[in-house]
Amino acid sequence: MKLLDGAIAAVDHGGSLGRASALFPHAPRPFVDLSTGINPHSYPLFDVPATALSRLPEFERLRELAEIAARAYGAPSAAHVAAAPGTQILLPRVASLVRPGKALVLGPTYAEHARAAAIAGLAVAEVNDFEALADADLAVLVNPNNPDGRVIEKDRLLGLAARLRARGGLLVVDEAFMDVGPTEQSLAGDVDEGGIVVLRSFGKFFGLAGVRLGFALADRLTAERLEAQLGPWAVAGPALEYGIRGLSDTEWQAAMRTRLAEDAGRLDALFGKAGVPVAGGTTLFRYLSFTDAPIMFSALGERGIVLRHFAGRPQVLRAGLPGGEAEWQRLDSALAAWASRRDDAPKEIVR
């Protein structure tokens, strides 16, 4: 068990071009930013009604979004859905549903869950054993996990939720990447049992992170409590419009899942050609774990290719998908150049 000292402090994230510029000031521009798990092929932009900007959102429009989200994610009903301006703002609010106590986060994973639990006043620790979560008042895991793509089976999650619920605890399952995961493992359809909150993110799969839209799926009372904390008009008018259209567009979603799977296979082939093992991930990002990871991170960064690296785990990288053919070619060239230098480096003689 790892106690998280200073968990309230802001943590590092991918997707910061300012940080990339500071790390690699002489790299060619524009950067090929592969440091996020956001879909580079975003949902088609469209003109939102002028009233989405000039008027406060209508309650009926928010309820329509909740109904569509319930169908898209498999929640029991719209009453089990609390919409928010991104899942990030939900994290400390969900954590505050639990009385002051102990929060355990199944790691290694997205660091904001620990920070949010600390903000809510809980004692936070990261654990690496799923079974250890049963000792928590608040148990948190990401499924599929970020950054390694680990998936915990639904039966195990329901068993854990029952044990926590029996003593007033709460299981939070962040399904931000379940749009490209094994949906049969989702707990969205089980939230009415109580003691379960499922988080879903709109921006990652739809490639519209700036829209700021996310959802908490929970039993009716919990969903109401979260909505009350958020207050009226929490979701902006344009986000409502994009959420309603995108979540309804099942044809686009199906085609995009196929495209992402093809892109992930192409990315695996590029890394394989460079001698880099792919250890896991989802079709939105690939997980790399190998000894030369820090060297490759720097070598690619100097060529304007930014991967996600992690403090304290230098041998680990996460790579998102290139957004177009020019980015694919730049990544291919950078990997080939790095692999060539590595192969030409003098080898230590073992005596």
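Two strands are treated as paired if DSSP finds at least two bridges between them. Helices (H or I, at least four residues) and strands (E, at least two) are DSSP runs, numbered from the N terminus. The model is predicted: local features need pLDDT of at least 70 and side-chain atom pairs count only at pLDDT 80 or more, whereas totals for chains, interfaces and linings use all residues. Residues are numbered from 1 along each chain as its sequence is written, and side-chain values use heavy atoms, with hydrogens and water left out.

**View 1. The hairpin of strands E10 and E11.** E10 and E11 pair in the antiparallel sense over four bridges. Two residues separate the strands of this hairpin. Val 278 has Leu 288 of E11 as its bridge partner. Leu 288 also stands opposite Leu 317 in E14.

View 2. Strand E11 (residues 285-289) and strand E14 (residues 313-320) pair in the antiparallel sense over five bridges.

View 3. Asn 39 lies in the loop between strand E2 (32-33) and helix H2 (51-54). Asn 39 is buried at 3% relative accessibility, where buried means under 20% relative accessible area, exposed over 50%, and partly exposed in between (1.4 Å probe, protein chains only). The side chain of Asn 39 reaches the backbone nitrogen of His 41 at 2.8 Å. Such a polar contact is a pair of N or O atoms within 3.5 Å; within protein, one must be able to donate a hydrogen and the other to accept it, and residues adjacent in sequence count only if both atoms are side-chain atoms. Not counting residues up to four places away in sequence, Asn 39 touches Lys 204, Phe 205, Gly 207, Trp 252, Met 256, Leu 260 and Leu 284.

**View 4. Helix H8 and its buried face.** Thr 222, Ala 223, Leu 226 and Leu 230 are buried in helix H8 (residues 220-230). Seen down the axis of H8, the buried residues fall within an arc of 100 degrees, so they line one face of the helix; the arc is that of the directions from the helix axis to the C-beta atoms. Leu 221 and Ala 228, on the other side of H8, are exposed. The buried residues of H8 pack against strand E3 (81-84), helix H4 (91-95), strand E8 (196-201) and strand E9 (214-217). At the N-terminal end, Asp 219 caps H8, with a side-chain oxygen 3.2 Å from the backbone nitrogen of Leu 221.

**View 5. The salt bridge between Arg 63 and Glu 227.** The side chains of Arg 63 and Glu 227 meet in a salt bridge (3.8 Å, N to O), defined as a side-chain nitrogen of Lys or Arg within 4 Å of a carboxyl oxygen of Asp or Glu. Arg 63 belongs to helix H3 (residues 59-73) and Glu 227 to helix H8, so the pair ties together parts that are 164 residues apart in sequence. Arg 63 is partly exposed, with a relative accessible area of 22%, and Glu 227 is partly exposed at 28%. The structure holds 17 salt bridges.

**View 6. The salt bridge between Arg 99 and Asp 137.** The closest N and O atoms of Arg 99 and Asp 137 are 3.2 Å apart in this salt bridge. Arg 99 lies in the loop between H4 and strand E4 (102-106), and Asp 137 in the loop between strand E5 (123-127) and strand E6 (138-142), 38 residues apart. Arg 99 is partly exposed, with a relative accessible area of 44%, whereas Asp 137 is buried at 13%.

Definitions and conventions:
Contact = heavy atoms within 4.5 Å.
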